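My notes are in the order in which I looked things up.

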Amino acid sequence: MTRRHGYALLSAIIALVVGLSAAIYAGAAAKDDGGDTGRSSLTRGGRPHNSAAPASTGTWVGAWSASPAGAEPGTETEGYAGRSLRNVVHTAIGGTSARVTLSNLYGQSALTIGHATIAVAAGSGTASAAPTTMRRLTFDGATAVVVPAGQQVLSDAVRILVPHDSDLLVTTYSPTPSGPVTYHPHARQLSYLAEGDLTEDVTGAAYTEQTPYWRYLTSLDVLSNDSDGTVVAFGDSLTDGITSTVNTNRRWTDVLSERLRTAIESGRDLPRYSVVNEGISGNQILADGLGRPADNQNGLGRFPRDVLGRTNVKVVVIDLGVNDILRNPRLADPDKITGGLRALVGQAHARGIKVIGATLMPFQGHRGYTPARESVRQQVNAVIRAGKVFDEVVDFDRALRDPFDPRRLRPEYDSGDHLHPSDKGYARMASAFDLNSLKGSAPAEL
């Protein structure tokens with residue numbers, strides 16, 4: 001081959017490479033215009049123009065969550081056809097993109113979401129959005145999605161600047177009847193409803209009906225440059241924060257998240273984790289609620305969805321067992337309770353997730369208290385403290401019990417029902433948490 005022919009061949013190869021690169025780039029750009037979902041959706045459709053294409057750097061972590069707890073009474077036939085549901089959720093961490101999960105777990109028919117949006121709230125306790133933050137959500141590029149009964153769907157990622165310690169508005173509109181509605185009843189956060197498709201309404205003026213529930217929405221992820229993983233708090237009403245002050249984010253998980261962020265900003269060497277809440281009031285380790293599928297599914301059954309199914313989970317904190325004692329018509333078996341807790345630990349370890357477990361707090365004075373049930377609680381706590389269940393232990397019992405009568409909550413930590421903490425009690429739970437316990441990973445063998 002002559003030198004001239006060699007140069008010609010080299011030029012042809014370079015031209016071919018450039019052409020292929022341009023084609024690949026154009027294809028990738030077209031795909032990114034609608035959002036990087038990372039998984040297939042349930043429907044496909046036309047791709048609307050979306051100026052909020054997702055960013056491509058950072059780490060996806062959980063920013064907020066709420067377990068689907070049951071079927072909302074009174075929604076069996078119509079659901080919320082023709083209405084917009086504006087869920088207000090709080091995120092302690094920030095990010096540059098977001099995506100949401102919508103659930104029809106308790107539906108008996110397909111749920112059509114005709115339109116959905118996300119925006120940063122203009123402030124606390126409002127349905128209005130901050131100017132220029134309203135974003136249309138898509139599902140595999142389409143603005144509408146059909147979620148079959150018993151299923152859930154993840155939206156495409158959308159670029160939105162999420163400030164840390166902020167409220168977000170996630171709004172859905174359903175044009176057709178479907179029910180029952182999957183909901184989380186003890187939100188401790190007011191959300192809003194409006195007539196018609198007002199998903200992109202910024203003013204919030206038409207959202208005149210307030211609600212204490214979260215509907216359909218079960219998780220919010222953000223693409224974060226500040227967080228490297230997610231901590232899931234898995235529990236009952238004590239984690240759900242059932243007696244905390246509404247609209248103030250005073251559950252122990254909220255306080256723990258803020259405490260961790262403050263410690264990191266002060267220079268402490270700690271994992272940069274977000275904290276999400278998967279508490280369901282009344283939840284038990286072993287027993288389901290009523291219905292098909294069961295309302296308030298037992299902890300062992302929901303763990304794969306509410307912990308293993310969350311985004312980038314590094315640590316789970318388990319605070320379950322009190323309802324297994326209080327709601328059992330017979331005297332609960334402490335060995336079955338600790339056995340159920342060990343089964344949860346086994347599920348987590350199989351996925352490389354570290355487990356921190358909580359002792360069971362006192363409840364003397366509550367209507368369900370008996371000396372025999374107190375004995376079961378003490379037996380369970382003794383096994384937990386002996387290190388025979390979890391990787392690490394947070395001793396909520398010791399932190400909140402009355403030093404003059406360890407069978408009951410200290411008065412200032414008691415909400416008044418002798419079972420659930422006050423705001424001060426939830427703060428004490430968070431302060432009892434050793435932040436260093438978040439370090440490390442699951443052991444090869446417990």
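These entries cover a sheet and its strands, then the nonpolar cores, then one lysine.

**Entry 1: the model.** I noted before anything else that this is a predicted model.

**Entry 2: the sheet.** I looked up the strand order of an open sheet with six strands. I read it as β7-β6-β11-β3-β13-β14, with antiparallel pairing. I then asked which strands are at the edges. They are β7, residues 135-136, and β14, residues 209-211, and each of these pairs on one side only. I reminded myself that strands of a sheet pair through backbone hydrogen bonds, in either a parallel or an antiparallel way.

**Entry 3: partners of β11.** I followed β11 to the strands beside it in the sheet order. Strand β3, residues 83-91, is joined to β11 over nine bridges in the antiparallel sense. In this pair I found Thr91 opposite Ser166 of β11. Strand β6, residues 115-120, also pairs with β11 in the antiparallel sense, over six bridges. Here Thr117 stands opposite Thr171 of β11.

**Entry 4: is β11 buried or exposed?** I checked residues 166-174, which make up β11, and nine of the nine are buried. For this I needed the cut-off: a residue is buried when its relative accessible area is under 20%. Next I took the two faces of β11 in turn. One side has Ser166, Leu168, Val170, Thr172 and Ser174, and the other has Asp167, Leu169, Thr171 and Tyr173. The residues on both sides are all buried, so both faces of the strand are covered.

**Entry 5: the β14 end.** I went to the edge strand β14. Its pairing with β13, residues 191-195, is antiparallel and has three bridges. Leu193 is the residue that stands opposite Glu209 in β14.

**Entry 6: the cores.** How many residues are in the largest nonpolar core? I read 59, and the members that touch the most others are Phe303, Val316, Ile318 and Leu341. I picked Leu341 and listed its contacts, leaving aside neighbours within four places in sequence: Ile285, Ile318, Leu320, Ile384, Val389 and Phe390.

**Entry 7: Lys424.** I found Lys424 in helix α9, which covers residues 423-431. What does Lys424 touch, not counting residues up to four places away in sequence? I found Glu412 and Tyr413. Lys424 and Glu412 are twelve residues apart along the chain, and their C-alpha atoms are separated by 7.0 Å.

Terms used:
Residues are numbered from 1 along each chain as its sequence is written. This is a predicted model: local features need pLDDT of at least 70, side-chain atom pairs count only at pLDDT 80 or more; totals for chains, interfaces and linings use all residues. Side-chain values use heavy atoms; hydrogens and water are left out. Buried means under 20% relative accessible area, exposed over 50%, partly exposed in between (1.4 Å probe, protein chains only). Helices (H or I, at least four residues) and strands (E, at least two) are DSSP runs, numbered from the N terminus. Two strands pair if DSSP finds at least two bridges between them. Contact means heavy atoms within 4.5 Å. A nonpolar core is a set of buried Ala, Val, Leu, Ile, Met, Phe, Trp, Tyr and Cys residues joined through side-chain atoms within 4.5 Å.
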